[in-house]
Amino acid sequence: SQMLRHLLVVGNALVHDSPLGMRVYSLNHYVCRRDPSGNPLEIIAHESIDRVVLPDAIRDHIGKDKQYQDKDSIDLYTWIKRTEKNWEIHQEACDLRIPETVGTYPLDKSPWNPVRFTRIDGEDYGRGYVEEYLGDLMALESLSQSLTEGAKAAAKLLFMVNPNGTTRAQDL
């Protein structure tokens, strides 16, 4: 259901099907490059992880680098690239490649799938259902604002003439 929401609103989602279950990345956590036919060529996924789960070599590097010493969470990047024969994958954290994550997948068995709602030739990303109705939504917003301002103006009560004052109705 999370993937469907992303597709309807934004038009894009990255699905990772692993033995631990399916995970969905929103558009602000991945990038994708496609060939002119729309096939993915390269995907980079981003996530923040706790430094405790990193391999010892990366943790040792973090301890020496002032840039990462005070951070509890570390940015982890997963890079998936299509070659002529297969998909190559590896992960990086703190500007270092994590050797335990280097691997390959056959071209037809990649667990990483960048899906789109509406395909547009020559573009790396798709369009969401909501974007098709952007004009209608903007008109509705403008109409709603006009109704609200009109209701405020109609509800405004002005005391113009005080019977006991010196102002007369015909002066107004």
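**Note on the predicted chain and its sheet**

1. Of the 172 residues of the protein chain, 26% count as buried, a term that here stands for under 20% relative accessible area with a 1.4 Å probe, protein chains only. The model is predicted, so that local features need pLDDT of at least 70 and side-chain atom pairs count only at pLDDT 80 or more, while totals for chains, interfaces and linings use all residues. Residues are numbered from 1 along each chain as its sequence is written, and side-chain values use heavy atoms, with hydrogens and water left out.

2. The accessible surface of the protein chain, computed by the Shrake-Rupley method with a 1.4 Å probe, comes to about 12,200 Å², and carbon and sulfur atoms hold 53% of it.

3. The secondary structure comprises 5 helices and 8 strands, taken as DSSP runs (H or I of at least four residues for helices, E of at least two for strands) and numbered from the N terminus. Read from the N terminus on, the order of elements is α-β-β-β-β-α-α-β-β-β-β-α-α.

4. An open sheet is formed by 5 strands in the order E3-E4-E5-E6-E7, with antiparallel pairing, where two strands pair if DSSP finds at least two bridges between them. Strand E3 (30-34) and strand E7 (96-106) are the edge strands, each pairing on one side only.

5. Strand E6 (residues 86-93) runs antiparallel to E7 and is joined to it by 7 bridges; Ala93, for its part, has Leu96 in E7 as its bridge partner.

6. Among contacts in the protein chain with a separation of 6 or more, 46% come from residues 24 or more positions apart, contact meaning heavy atoms within 4.5 Å.

Key: Buried < 20%, exposed > 50% of the residue type's maximum accessible area, 1.4 Å probe, protein only.
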